[in-house]
Amino acid sequence: MMALRHGRRWLLATGIFLVAACPGASADDEYGTPHPECTYFGPQRERFLRSELGLPGEGRSLSALTEQVVGALPPSGVRPTRSRTDPNRDTRQGNYIDQYIFAALRRWGVAPADPAGDAEFLRRVSLDLAGRLPNGQTVAEFVADPSPDKRARVIDQILQTPEWADRWAMFFGELYRNTITTAQLNRLQPARDQYHYYLLDSLRANKPYHQMARELISAGGSTWETGQANFSLSGRTTGGPPQDTYDTQAVDVSSMLLGISHLDCILCHDGAGHLDTLSMWGAAAKRADAWGMAAFFARTNLTQPGGGGRPWMVVDEPPNGRYDLNTNSGNRPVRRAVAGPSFVAPQYLFGRGGGPEPGENWRAALARLVTGDFQFARATVNYIWREFLVVGLVEPPDQFDPLRLDPANPPPAPWTLQPSNPYLLDALARRFILNNYDLQALMRDIANSRAYQLSSRYNGSWNPEWEKLYARKLVRRLRAEEIHDAVVTSSLVGGGYSIPGFRQPRIDFAMQLPDVVGVPGGAGGQLLDSFLRGNRQDDDRRSDLTIQQALSLMNGPFVDPRTRNQNGTFLFRVFPLPNDQLVDELYLNILSRYPTRAEREVAIRELAAGNRTAQAEDLVWSLYNKVDFLFNY
């Protein structure tokens, strides 16, 4: 690392925020220890002991992080950082989401935060929808625009951009664990890339999500040619009988598409004595019933034609496969019939149940049953809601308890309804279904809601319990790819990466990468890894704040060249401007807002003292290290 930049006076002048010095700011905690009797699942998979599924009083708070970050931001309401229109005008009527959110706030006697100003809103929605910062000109024009519908219009515009598809291909690639190699699977680059292309192309076409899910569950063919076939391939489990793979494939469907990861436990043992304090459904669930879910995959082969000379995998459907109860080795406990047949027929475990129709492909039957289950819509809208509001209506989002979801049929004491707002959760799911599982329509509804557009600042005393009421917008640290791309967008210097064989010859933005492992190399990869992007297998993405991150922003080889006044950088482009205009342009382009009066005065004074080039470079450097660059608030 290089020595600390020479402009140390900017530390105080611009209110720099050294992320490594932020105590207690992690948004992700350790989840505790695994079940002591369970030898198959490690701490990464056995996350149940630290969930919010059980009795009241469990869980965690993000409020400390929000308070700390918001406290380091400049004062709100300082013109011209606020809208030049009444920020209530285009959101006062709200939508169906707000009916449920504000009814709950009134019921609990909690006042909501004020609406976010225009600059704050534009940066927030640009990051959440597309993973990118708006450029400075866009921010200035948006703040100056007096149109009452400008927020709705900008939401529609972002939804139609290629960046929207890039951002959500990254999200679903992570949800579905699309990575080149895992402990169980050598997917290899062509298969990983095809899987990424499938997700990206489906999103660009705004394919209905239930159609995507059906294709993922039922697809066959070569994984190097049919991207969606990689969903079933992800369940490949070595070192045991084929039933281990069927089990993992069923768990993938249950956790990723239905938000019910406790099936992983049930496929080892009955829930009684294991999930009693975590899930009403899980405590009553039987292993024999879980086998029926796995049996839908018993006619699914994962083969490697031609051996090692042809390293791709093929997913096909032999006509006579079945889930036999005859194993005594592998990754799961012994499977044996206690009474009755020595095999299990496919039987859907949730909703109204059901099995294959006569002559129906078993995985196609499972796809039909999953996407016809209301829980599929519930789980999907909860995953998406969490991406926008930071905290899901059910937390963690893959640990739904099917017996604690219906407000018309609440569970007996001491259990409580699991969703923080069950009526809103069901309303979102119903609307999602009525809109033909349209992901863009779902995101449009959320982004247009008053609840989403509340400020992260809160006037008065804040109670952490109000997180679940969404009385304010919670802060989150930008993801690794968002930080990388924010530097690229604001500096005008792209990453310039290339992946041999990848469809896109040049990649400038990390959100366009197909994986989080091994790409890109060099300075960009170092920056991304420092912000804990995980590996899509056994190392979850995290939002911890570390010394390495602070050093990456202050002196790292990716950021430092982009702060220079040299040909090709944004600073070089605007450097000839008068000092006051230069300061405004840098703040707009890097922090997506105008400087406050105090910030502008200090910056102009420093630019006029000493070497102007060095002072301008130090200003750019300091803005990359401010709290409002690193967080989405």
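1. In helix α19, the buried residues are A480, E481, E482, I483, H484, D485, A486, V487, V488, T489, S490 and S491. Buried means under 20% relative accessible area, exposed means over 50%, and partly exposed lies in between, using a 1.4 Å probe and protein chains only. Twelve of the twelve residues of α19 are therefore buried, so the helix is largely enclosed by the rest of the structure. Helices (H or I, at least four residues) and strands (E, at least two) are DSSP runs, numbered from the N terminus.

2. On the source: this is a predicted model, in which local features need pLDDT of at least 70 and side-chain atom pairs count only at pLDDT 80 or more, while totals for chains, interfaces and linings use all residues. Residues are numbered from 1 along each chain as its sequence is written, and side-chain values use heavy atoms, with hydrogens and water left out.

3. L492 follows α19 and has a positive phi, near 70°.

4. For the chain as a whole, the model has 26 helices and nine strands. Of the 633 residues, 58% are buried. The accessible surface comes to about 24300 Å², and carbon and sulfur atoms account for 51% of that surface; areas come from the Shrake-Rupley method with a 1.4 Å probe, and for residues only the protein chains shown count as cover. Among contacts (heavy atoms within 4.5 Å) between residues at least 6 apart in sequence, 71% join residues at least 24 apart.

5. Which residues touch the most other members of the largest nonpolar core? They are F172, Y176, Y209, L257, I384 and W385, in a core of 114 residues. A nonpolar core here is a set of buried Ala, Val, Leu, Ile, Met, Phe, Trp, Tyr and Cys residues joined through side-chain atoms within 4.5 Å. Helix α16 gives the most to this core, with nine residues. Another core lies apart from it and has 51 residues, among them F575, Y587, L630 and F631.

6. Y176 deserves a separate look. Not counting residues up to four places away in sequence, Y176 touches Y195, L199, Y209, L216, F231, S234, M256 and L257.

7. R177 lies in the loop between α7 (162–175) and α8 (188–204). Its phi is near 60°, a positive value in a residue other than glycine, and R177 is partly exposed, with a relative accessible area of 23%. L188, in helix α8, also has a positive phi, of about 70°, although it is not a glycine. L188 counts as partly exposed because its relative accessibility is 28%.

8. Two peptide bonds are worth checking on screen. The bond from E395 to P396 is cis, with omega near -15°, and P396 is in the loop between α16 (374–389) and α17 (422–434). The bond from V519 to P520 is cis, with omega near -15°; P520 is in the loop between α19 (480–491) and α20 (522–530). As background, most residues other than glycine have a negative phi, and most peptide bonds are trans.

9. An open sheet of three strands has the order β1-β3-β2, with antiparallel pairing. Why does one side of β1 and of β2 lack a neighbour in the sheet? β1 (221–222) and β2 (301–303) stand at the edges, each with a single partner strand, so one side of each is left without a neighbour. Strands pair if DSSP finds at least two bridges between them. β2 and β3 (residues 314–316) run antiparallel and are joined by three bridges. N301 has D316 of β3 as its bridge partner.

10. Is T66 buried or exposed? T66, in helix α2 (residues 63–71), is buried, with a relative accessible area of 0%. Leaving aside neighbours within four places in sequence, T66 is in contact with S456, R472, K473, L474 and V475.

11. H269 is in the loop between α12 (263–266) and α13 (280–284). Its relative accessible area is 16%, so H269 is buried. Not counting residues up to four places away in sequence, H269 touches H274 and R287.
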